[in-house]
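Please keep the sequence and the structure in view while reading.

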Amino acid sequence: MKEKFEHRLEQTVGPERVLREEPMRLHTTFRIGGPAQYMVSPRTKEEVREVVRLCREEEMPWYIIGNGSNLLVSDRGYRGVVIQLYRDFGDIRTEGTSIFARAGASLARIAAEALKNSLTGFEFAAGIPGTLGGACIMNAGAYGGEMKDVLEQVTVLDGQGEIKTLEKGELDMGYRTSRAAREGYVVLEAALSLEKGEADEIRARMEDLKERRTSKQPLEYPSAGSTFKRPEGYFAGKLIQDAGLRGFRVGDAMVSEKHCGFVINCGSATAADVDRLIRQVQERVRESSGVTLEPEVKRLGEF
Ligand SMILES: Cc1cc2nc3c(=O)[nH]c(=O)nc-3n(C[C@H](O)[C@H](O)[C@H](O)COP(=O)(O)OP(=O)(O)OC[C@H]3O[C@@H](n4cnc5c(N)ncnc54)[C@H](O)[C@@H]3O)c2cc1C
């Protein structure tokens with residue numbers, strides 16, 4: 001039964017693209033996470049559709065990842081198939097003021113493409129370490145910009161196994177969420193609508209934002225960025241700091257001293273450390289301010 005499933009998986013994406021018991025710490029920016037039973041990296045939309053169809057047919061759990069920059073994977077890993085849409089699923093092309101990219105394209109590469117073509121509107125995303133797919137799902141945003149401002153179309157795989165294109169008006173994106181996330185769609189590709197600008201100004205804006213990130217964020221440590229969503233009317237980092245939790249630690253997981261909104265891995269943090277730290281931060285902030293912090297980081301596997 002297991003052999004048959006593995007064989008069909010290999011036939012779908014090629015044997016070299018099926019990894020077994022792959023440590024997820026190698027595929028997350030937290031550098032944390034046990035083994036995925038299988039990890040596959042398809043190269044075409046049809047391969048993605050086939051892998052998902054096969055998993056459904058065989059009742060095998062599956063999960064999509066991009067760069068794993070918003071992900072906490074359990075120390076016990078994941079029993080099922082992790083489908084990674086990243087480097088091999090990342091073509092980018094420009095037509096006029098539109099950029100078309102596949103889900104695995106990194107936001108940094110798309111920003112470089114925009115700069116190369118003097119297109120403005122994507123500077124905000126240049127320093128977000130995710131893929132286009134992850135950014136569409138999360139409606140990633142920074143410094144006043146969000147994916148929803150630039151997305152024109154998103155092509156997805158839906159729950160019926162159909163590939164369809166959603167137009168701007170159908171994306172229904174909110175703060176760190178989207179229709180695609182709510183409906184469990186797989187993002188395959190997207191079209192971004194930008195504007196003609198001046199290359200020097202675009203470069204200067206990107207450099208300024210990069211400088212702001214480097215000076216404010218603990219980029220020297222593995223993390224998943226802001227651990228919590230911004231509660232309406234507050235800043236998570238400020239609430240955590242006011243609760244006296246700067247530098248608060250569980251094992252090797254720590255509330256960053258540089259930016260209290262980030263939980264960092266000081267070296268050998270486990271997912272259990274991070275999970276415990278998150279819960280304790282939530283409890284202490286609730287006690288001190290009455291605000292309930294909601295994690296922005298996604299969990300995968302058993303906790
Ligand atoms: C140092 C640092 C700074 C950061 N700064 C920011 C910031 O300024 N703003 C911000 O918004 N985020 C920020 N993040 C968080 C993260 O980079 C974003 O959420 C990013 O969009 C996640 O993309 P990813 O490809 O890494 O997704 P992953 O972490 O791999 O996945 C995140 C979620 O998206 C889903 N997903 C991924 N790809 C697809 C796909 N193709 N189809 C369907 N579902 C998919 C996954 O199943 C998961 O639920 C930061 C993270 C770090 C480490």
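Helices (H or I, at least four residues) and strands (E, at least two) are DSSP runs, numbered from the N terminus. The model is predicted, and for that reason local features need pLDDT of at least 70 and side-chain atom pairs count only at pLDDT 80 or more, while totals for chains, interfaces and linings use all residues. Residues are numbered from 1 along each chain as its sequence is written, and side-chain values use heavy atoms, with hydrogens and water left out.

## Domains and sheet

The domain assignment, which is automatic or taken from a database, divides the protein into domain 1 (2-87), domain 2 (90-201) and domain 3 (218-300). Between the C-alpha centres of domain 2 and domain 3 there is a distance of 27 Å.

Five strands form an open sheet in the order E6-E7-E13-E11-E12, with antiparallel pairing, where two strands are said to pair if DSSP finds at least two bridges between them. Strand E6 (92-95) and strand E12 (163-167) each have a single partner strand and stand at the edges, so one side of each is left without a neighbour in the sheet. On average, and with direction ignored, neighbouring strands of this sheet are turned by 15° against each other. Within the sheet, strand E11 (residues 151-157) is joined to strand E13 (residues 186-193) by six bridges in the antiparallel sense, and Val156 has Val187 in E13 as its bridge partner.

Helix H2 (residues 45-57) lies across E11, E12 and E13 and runs at about 150° to E13. Helix H3 (residues 107-116), in turn, lies across E6, strand E7 (98-102) and E13, and runs at about 30° to E6.

## Salt bridges

Side chains of opposite charge can pair when their charged atoms come close. Counting as a salt bridge any side-chain nitrogen of Lys or Arg within 4 Å of a carboxyl oxygen of Asp or Glu, a search of the whole structure finds 30.

| Pair | N to O distance |
|---|---|
| Arg182 and Asp172 | 3.0 Å |
| Glu294 and Lys229 | 3.3 Å |
| Asp275 and Arg299 | 2.6 Å |

For the salt bridge between Arg182 and Asp172, Arg182 lies in helix H6 (residues 179-183) and Asp172 in the loop between E12 and H6, so the pair ties together parts that are 10 residues apart in sequence. Burial is judged by relative accessible area, with buried meaning under 20%, exposed over 50% and partly exposed in between (1.4 Å probe, protein chains only); Arg182, at 48%, counts as partly exposed.

In the salt bridge between Glu294 and Lys229, distant parts of the chain are linked: Glu294 is in the loop between helix H9 (271-289) and strand E19 (298-300), and Lys229 is in the loop between strand E15 (223-226) and helix H8 (236-242), 65 residues apart. Glu294 is partly exposed at 45%, whereas Lys229 is buried at 18%.

The salt bridge of Asp275 with Arg299 likewise links distant parts of the chain, with Asp275 in helix H9 and Arg299 in strand E19, 24 residues apart. Asp275 counts as buried at 9% relative accessibility, and Arg299 as partly exposed at 31%. Elsewhere, a network of salt bridges links Lys4, Arg8, Glu50, Arg53, Glu57 and Glu58.

Leu277 belongs to helix H9 and is buried, with a relative accessible area of 0%.

Asn70 is placed in the loop between strand E3 (62-65) and strand E4 (71-73) and counts as buried at 15% relative accessibility. Its side chain reaches the backbone oxygen of Glu296 at 3.2 Å. With neighbours within four places in sequence left aside, the contacts of Asn70 are Met138, Ala224, Glu296, Val297 and Lys298.

Ser118, in the loop between H3 and strand E8 (119-120), is buried at 17% relative accessibility. Beyond its neighbours within four places in sequence, Ser118 is in contact with Glu195, Lys196, Gly197, Ala199 and Ile202.

How values were computed. Polar contact = N/O pair within 3.5 Å; in protein donor to acceptor, adjacent residues only side chain to side chain. Contact = heavy atoms within 4.5 Å. Axes fitted to C-alpha atoms, helices over the stretch in contact; angles between N-to-C directions.
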